[in-house]
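I opened the model to look up its salt bridges, helices, rings and surface. My notes follow in the order I made them.

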Amino acid sequence: MLALLFIATVFLAYSNGANDNFKGVATLFGSGATDYKKAIWWATITQLGGSICAIFFAQQLVKNYSGADLVPNDVAASTAFLLAVGLAAALTVILATLTGFPISTTHALTGGLVGSGFVAVGTAVNFSTLGVKFFLPLLSSPIIAAACGAMLYCILHGLRTVMGVTEETCVCADPVVSASAAPNAVMAFTAAPLKVTVDTTANCARQYKGSILGIACQPVVDGAHFLSAGAVCFARALNDTPKIVAIMLLIKSISTTNAMVVIAIGMAVGGLLNAKRVAETMSKKITRMNHGQGFTANLVTATLVIFASKIGVPVSTTHVAVGSITGMGLMTKKANLKVIGQIALSWVLTVPIAAGLSAAIYFVITRVA
């Protein structure tokens, strides 16, 4: 049973990485700042950093997701209970990953805890703790993130205008426009003053023209965008690693530190091998964005998730990331409301699906064992 628990926990880490690792760098890929390969490697490196720091700064989340205070201690400490929770959450997350939906591992774990807990102790599940420590942060975080994303976008957009930083838009043109133009040539122009250049399609992007403290604006925005994406991946790992480690604590031969290392590796492998479908949804389908807008969304996500991890609140990085991107997209009027609605529906279904799977697995295990 302990061996199965170890396998289930590593599977959950893999599923988490596959669904979550790319979310931090989705704005890099979506805005054209970099390609998929570079983005996922940047996500992997910064995620590993967050997982390592979780050893020192996120111990409260380990306690929250061990099941303590939600069900009686003897149930929370049983192998069957933790195995059912971990396996149900892993199956729920990998199913969403394969269908391209960015869901919350936190939500899946919460559903797993509720499903197994209800089968184990019925109405003795501490619903007060469930509401305050789990559902309230999960439900409020995307709304807060959307509001912060919209507000910060307005503030930064206003500052850009005041500082005289303008945005140059490139428009792809047919090669016959100029006999001397190379294949896939483009024309880029700005209004006031008029500027026309010719470049390849690969370099056709929305660029910022102007300077910040005497430094060209575009390199500053690019650097800030990459750093903010790394900060989101770091924050996500800081918040998610201890939640998964909590399931492995029953294996006494593995220390908390070693467990976090194992989970960090599992998450990294999952992201490298199986993140493409969720990457397309997060990067291309929620809203169109440029570098500055991507930086804005990332800054909101990283700040909220790091703050939540520090105070032990189990927010969903998925909810915060999607919320901040959506808030920015609503302000630019480019948000795809149909896709956002589909993602929201997947969030609603996550808890009952995980709860049902967990209840069934726990029932079978306790009857067979």
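I started inside helix 9, where Asp-240 and Lys-243 sit 3 residues apart, which means about one helical turn between them. Helices here are DSSP runs of H or I with at least four residues, strands are runs of E with at least two, and both are numbered from the N terminus. Asp-240 and Lys-243 form a salt bridge, with their closest N and O atoms 3.2 Å apart. The rule I used: a side-chain nitrogen of Lys or Arg within 4 Å of a carboxyl oxygen of Asp or Glu.

This is a predicted model, so I kept its limits in view: local features need pLDDT of at least 70, side-chain atom pairs count only at pLDDT 80 or more, and totals for chains, interfaces and linings use all residues. Residues are numbered from 1 along each chain as its sequence is written, and side-chain values use heavy atoms, with hydrogens and water left out.

**Salt bridges**

Are Asp-240 and Lys-243 buried or exposed? I found Asp-240 buried at 3% relative accessibility, and Lys-243 buried at 1%. My cut-offs were under 20% relative accessible area for buried, over 50% for exposed, and partly exposed in between, with a 1.4 Å probe and protein chains only.

I then searched the whole structure and got 4 salt bridges. One of them joins Lys-23 to Asp-20, with the closest N and O atoms at 2.3 Å. Lys-23 is buried at 2% relative accessibility. Asp-20 is buried too, at 1%.

Asp-20 also forms a salt bridge with Arg-236, where the closest N and O atoms are 3.9 Å apart. This pair links distant parts of the chain: Asp-20 is in helix 1 and Arg-236 is in helix 9 (residues 217-248), 216 residues apart. Arg-236 counts as buried, at 2% relative accessibility.

I traced the connections next. Asp-20, Lys-23, Arg-236, Asp-240 and Lys-243 are linked in a network of salt bridges.

I checked the length of helix 1 (residues 2-20). Its 19 residues should span 27 Å at 1.5 Å a residue, and the end C-alpha atoms are 26 Å apart, which agrees. The expected span is 1.5 Å times one less than the number of residues. Which residues of helix 1 are buried? Among them are Leu-5, Ala-8, Leu-12, Gly-17 and Asp-20.

I counted 14 of its 16 residues as buried, so helix 13 is largely enclosed by the rest of the structure.

Lys-333 follows helix 13. Its phi is near 60 degrees, a positive value in a residue other than glycine. I placed Lys-333 in the loop between helix 13 and helix 14 (337-368). Lys-333 is exposed, with a relative accessible area of 75%.

**Aromatic rings**

I looked for ring pairs and found 4. Rings of Phe, Tyr and Trp (its six-membered ring) pair if their centres lie within 6.5 Å; planes under 30 degrees apart are stacked, over 60 edge-to-face, and the rest tilted.

How are the rings of Phe-22 and Phe-29 arranged? Their centres are 5.9 Å apart and their planes stand at 90 degrees, so the pair is edge-to-face. Phe-29 and Tyr-36 have ring centres 6.0 Å apart and planes at 70 degrees, so this pair is edge-to-face as well. Phe-22 is buried. Phe-29 is buried at 12% relative accessibility, and Tyr-36 at 16%. I logged Phe-22, Phe-29 and Tyr-36 as one aromatic cluster.

**Surface patch**

I noted a nonpolar patch on the surface made of Trp-41, Val-261, Ile-265, Val-269, Leu-272 and Leu-273, with about 540 Å² of accessible area together. Patches take residues with over 30% relative accessible area and no salt bridge, joining like charges within 9 Å and nonpolar side chains (Val, Leu, Ile, Met, Phe, Trp, Tyr) within 5 Å. Areas come from the Shrake-Rupley method with a 1.4 Å probe; for residues, only the protein chains shown count as cover.

Which helix gives the largest share of the patch? Helix 10 (residues 256-274) does, with 5 residues. Leu-273 lies in helix 10, and is exposed at 63% relative accessibility.

**Cysteines**

I looked for disulfides last, taking a pair of cysteine sulfur atoms within 2.5 Å as the rule. The count is 0. Cys-148 is partly exposed at 24% relative accessible area, and Cys-154 is partly exposed at 39%.
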